[in-house]
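Here is a short briefing to read alongside the model.

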Amino acid sequence: MAIAHPPPGEVIDVLSGESATLVRAEHVEVFRMHLPCGKRTPEHRAAGAITIQCLVGDIELTVAGQARTLRAGQLVFLADSQAHEVSALSDATLLISMWLHRK
């Protein structure tokens with residue numbers, strides 16, 4: 001059974017709830033990711049360009065071997081399929097938007 005996503009025009013609370021896909025359309029996907037302090041994602045690549053917005057907490061984002069800290073209220077853009085990994089420096093909530101190449 002497919003997961004229901006809010007229809008266009010519906011207001012979405014990005015801070016409440018667990019990690020989840022909030023918007024899924026043909027070429028756009030937006031999801032909320034909660035990472036507890038110490039949690040790390042392995043290096044991976046998105047299927048398109050992405051933005052990572054830190055809503056709560058602090059993360060360390062590593063791109064091309066260079067680590068940088070992203071704090072609440074900050075956003076970063078990553079090019080199409082750019083390899084990256086994320087480590088939570090504190091309990092963190094991220095809003096991730098992807099522009100996909102679905103056919």
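Alanine 20 touches Phe31 and Arg32, leaving aside residues up to four places away in sequence; contact here means heavy atoms within 4.5 Å. Please keep in mind that this is a predicted model, in which local features need pLDDT of at least 70, side-chain atom pairs count only at pLDDT 80 or more, and totals for chains, interfaces and linings use all residues. Residues are numbered from 1 along each chain as its sequence is written, and side-chain values use heavy atoms, with hydrogens and water left out.

- Alanine 20 sits in strand 1, which covers residues 20-24; strands (E, at least two residues) and helices (H or I, at least four) are DSSP runs numbered from the N terminus.
- Alanine 20 counts as partly exposed because its relative accessibility is 30%; the classes are buried under 20% relative accessible area, exposed over 50%, and partly exposed in between, using a 1.4 Å probe and protein chains only.
- From C-alpha to C-alpha, 20 Å separates alanine 20 from leucine 61, and the two are 41 residues apart in sequence.

- Five strands make up an open sheet: its 5 strands follow the order 1-2-8-3-6, with antiparallel pairing; two strands pair if DSSP finds at least two bridges between them.
- Strand 1 and strand 6 (75-78) are the edge strands, each pairing on one side only.
- From one strand to the next, the twist averages 15°; axes are lines fitted to C-alpha atoms, for helices over the stretch in contact, and angles run from 0 to 180 degrees between N-to-C directions.

**Strand 8 and its partners**

- Strand 8 (residues 92-100) is largely enclosed by the rest of the structure, because 8 of its 9 residues are buried.
- Strand 2 pairs with strand 8 in the antiparallel sense, over 8 bridges.

**Salt bridges**

- Side chains of opposite charge can pair when their charged atoms come close.
- How many salt bridges are there, if one is a side-chain nitrogen of Lys or Arg within 4 Å of a carboxyl oxygen of Asp or Glu? The count comes to 3.
- Glutamate 29 pairs with arginine 24, their closest N and O atoms being 3.1 Å apart; glutamate 29 is buried at 8% relative accessible area, whereas arginine 24 is partly exposed at 47%.
- Glutamate 85 forms a salt bridge with arginine 40, with 2.0 Å between the closest N and O atoms.
- This pair links distant parts of the chain, 45 residues apart: glutamate 85 is in strand 7 (residues 84-88), and arginine 40 is in the loop between strand 2 (28-35) and strand 3 (48-56).
- Aspartate 58 and arginine 71 meet through their side chains in a salt bridge of 3.4 Å, N to O.
- Because aspartate 58 lies in strand 4 (residues 58-63) and arginine 71 in strand 5 (residues 66-71), the pair ties together parts that are 13 residues apart in sequence.
- Aspartate 58 is partly exposed at 21% relative accessibility, and arginine 71 is partly exposed at 44%.
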